[in-house]
Protein chains: 2
Amino acid sequence: MVSEPVKTIERTRIYDVAAAAGVSVATASRALNDTGRMTEQTRERVKQVAAQLGFRPNTMARGLLGKRSFTIGLLTNDTYGRFTLPLMAGVSEALVDRGVSVFLCTIEDDAALAKVHVDALLDKQVDGIIASGRRVDRRLPVDLSNLPVPVVYAFTEGPDDSVTFISDDEQGSREAVQWLVSRGRRRIVHITGPESFASVQVRAQAYRTVVGEQAEIHHGEWSEAWGHEAVARLWSGADTPPDGIFCGNDQIARGVVDALRERGVTVPDDVSVVGFDNWEIVAAATRPPLTSVDMNLRELGREAGLTILALAEGKEVAPGIRRLPCQLVLRQSG
Amino acid sequence: MVSEPVKTIERTRIYDVAAAAGVSVATASRALNDTGRMTEQTRERVKQVAAQLGFRPNTMARGLLGKRSFTIGLLTNDTYGRFTLPLMAGVSEALVDRGVSVFLCTIEDDAALAKVHVDALLDKQVDGIIASGRRVDRRLPVDLSNLPVPVVYAFTEGPDDSVTFISDDEQGSREAVQWLVSRGRRRIVHITGPESFASVQVRAQAYRTVVGEQAEIHHGEWSEAWGHEAVARLWSGADTPPDGIFCGNDQIARGVVDALRERGVTVPDDVSVVGFDNWEIVAAATRPPLTSVDMNLRELGREAGLTILALAEGKEVAPGIRRLPCQLVLRQSG
């Protein structure tokens, strides 16, 4: 399409310039308008290509491309939506009054495909991108550090100089264990997920800080089955079984509560159990319903939304990791 | 901003025309280009406003606005994502090879806000919109019937002349009950959700067709608690309890299976149980894991994606409701 120079000025479109320069339309536009963030090399290449193709930007096109778009892109690899959809609800809630819409774009762990989707968001002239994921200690499979729009990270790992929002799992876990202590529990164990997760380490460390030398941590899968198995182990040994159990997530907690009931151990009279995630579908259906730590993902989304808007409006936002407080939601298990 | 006519042609942008005419940028563009679908009244109004404002479209802007955008909008009110995210995965899967990205935009049940989001999708020049929801028998709170881009409905109700994709719940339910019959079950009951749901009626009718006069249908909530309660009722009466149970969804089935185990009734030896939805988090965690009907939402998404692309490319697609087959996924409960 751009293999031979187009002679008529009107016929050369910014799409052609972008394609020939190997950049997105948004980047091409910003290069020609001397705005946006990119290397000078890229800016010069775009200008040279534009000149070669006889492209002449006009004010109307500049108007079209430079205008605020009132759209925020939300990029995630959490295809199941467990973490990203509550977050998206918060972003929407924060921005809808300003007429800003949020578009969710899901990527698999394939860098080339991820790039296609990021380019699509940029071509749509989103005012900013919020990157999210299914683990706080993993990066998305695409580099977002040199985009022509601001990027904020929420519930995923960003580069060192990024603005990142995560939940304060340390505080949430501490409050959960302190709650068990305040209920008179004296032998509190922690049944949690695989040690390789940063969130597992943070939650375990907070638990350790509260219970001290007595700390007893059992790692396994993020599943109900592991909750059953852990109870079987704890109640079959010679040791006195625990009277308080802090679980790494709600699925483990549900398995624990079911296993205790089947052993004739009453929750919360004999043993108090607290979960993590406050995942309604699991926590509310457990018998008795689970007391659980809520990561306030909606609030995380709200903050990320307001911040991306501030950045899009040219305001300064200091880089760094912001940890937002979790909340202990009391039901009946502990 | 458009309160006084702008004299300089270059200063009037299509955004100004759209705002003054009370239409989206996409509609304004299509009106001026004599393309798209809209009433002649709207088209004329846009042209008049454009003339008043001294707007003169140029080929570059037409190029920008007329070009295929390689983006599909997915609009849903299923904010939890239970049905829409598997569908979105299917849409993405079908279109990613063609370089098409899918943007999900969630709306609450507020018509004014829904309109803001639809306008945002149109302003982004999506090639088409797939409308989806959380119930097949409910419409989204926004009229999509006169948009300048094609619209396909999937897992939500569309207008009479629309292209709509839903799962064939009749076939799925029939196969589930026939499976129970083939396992030698002679007294099969149906425990399901509220009668007001169209899906409940379709599934119940299919069940009735297979079991005939013996049909016994129990309506309640879509919850585990209702599964427990239904079992308590069925096993406390004077009648012989059932040996097969077809449940309206997996949550009910999980409650049924748990309640049976707690009564000492063995699943599937004494009673076979089949669920509906094949919701992994529920079906796989049940003990024993649930045999369940899968609505193939991913496949529904694939078909909707390919169809919206065909429409965007100007191909003819006959209107009507397409029912795609469900699949019985065998685990151990039945």
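**Notes on a helix pair and a sheet in chain A**

1. Let's begin with helix H9 (residues 224–236) of chain A, which lies across strands E6, E7 and E8 of chain A and runs at about 145 degrees to E6(A). Please keep in mind as you read on that this is a predicted model.

2. Another helix to look at here is H8(A), which lies across E6, E7, E8 and strand E9 (272–276) of chain A. Its direction is about 175 degrees to E6(A).

3. Now for the sheet itself. It is open and has six strands in chain A, in the order E7-E6-E8-E9-E10-E12, with mixed pairing. Strands E7 (217–219) and E12 (327–329) of chain A are at the edges; each has a single partner strand, so one side of each lacks a neighbour in the sheet. On average, neighbouring strands are turned by 20 degrees against each other, direction ignored.

4. Within E8(A), A:Ile245 is the bridge partner of A:Val189.

5. Back to the helices: H7 (residues 169–182) and H8 (residues 198–211) of chain A pack with their axes 8 Å apart, at an angle of about 40 degrees. H7(A) is therefore oblique to H8(A). The crossing of H7(A) past H8(A) is right-handed.

6. Which residues of H7(A) and H8(A) meet? From H7(A), they include A:Asp169, A:Arg174 and A:Val177, and from H8(A), they include A:Arg203, A:Tyr207 and A:Val210. By class, the contact of H7(A) with H8(A) has seven nonpolar, three polar and four charged residues.

Definitions and conventions: Residues are numbered from 1 along each chain as its sequence is written. Chains are lettered from A and ligands numbered from 1 in the order in which they are written. This is a predicted model: local features need pLDDT of at least 70, side-chain atom pairs count only at pLDDT 80 or more; totals for chains, interfaces and linings use all residues. Side-chain values use heavy atoms; hydrogens and water are left out. Axes are lines fitted to C-alpha atoms, for helices over the stretch in contact, and angles run from 0 to 180 degrees between N-to-C directions. Helices (H or I, at least four residues) and strands (E, at least two) are DSSP runs, numbered from the N terminus. Angles under 35 degrees count as roughly parallel, over 145 as roughly antiparallel, 65 to 115 as roughly perpendicular and the rest as oblique. A crossing is left-handed if the near helix is turned anticlockwise from the far one by less than a right angle, and right-handed if clockwise. Contact means heavy atoms within 4.5 Å. Ala, Val, Leu, Ile, Met, Phe, Trp, Tyr, Cys and Pro count as nonpolar, Asp, Glu, Lys and Arg as charged, and the others, Gly among them, as polar. Two strands pair if DSSP finds at least two bridges between them.
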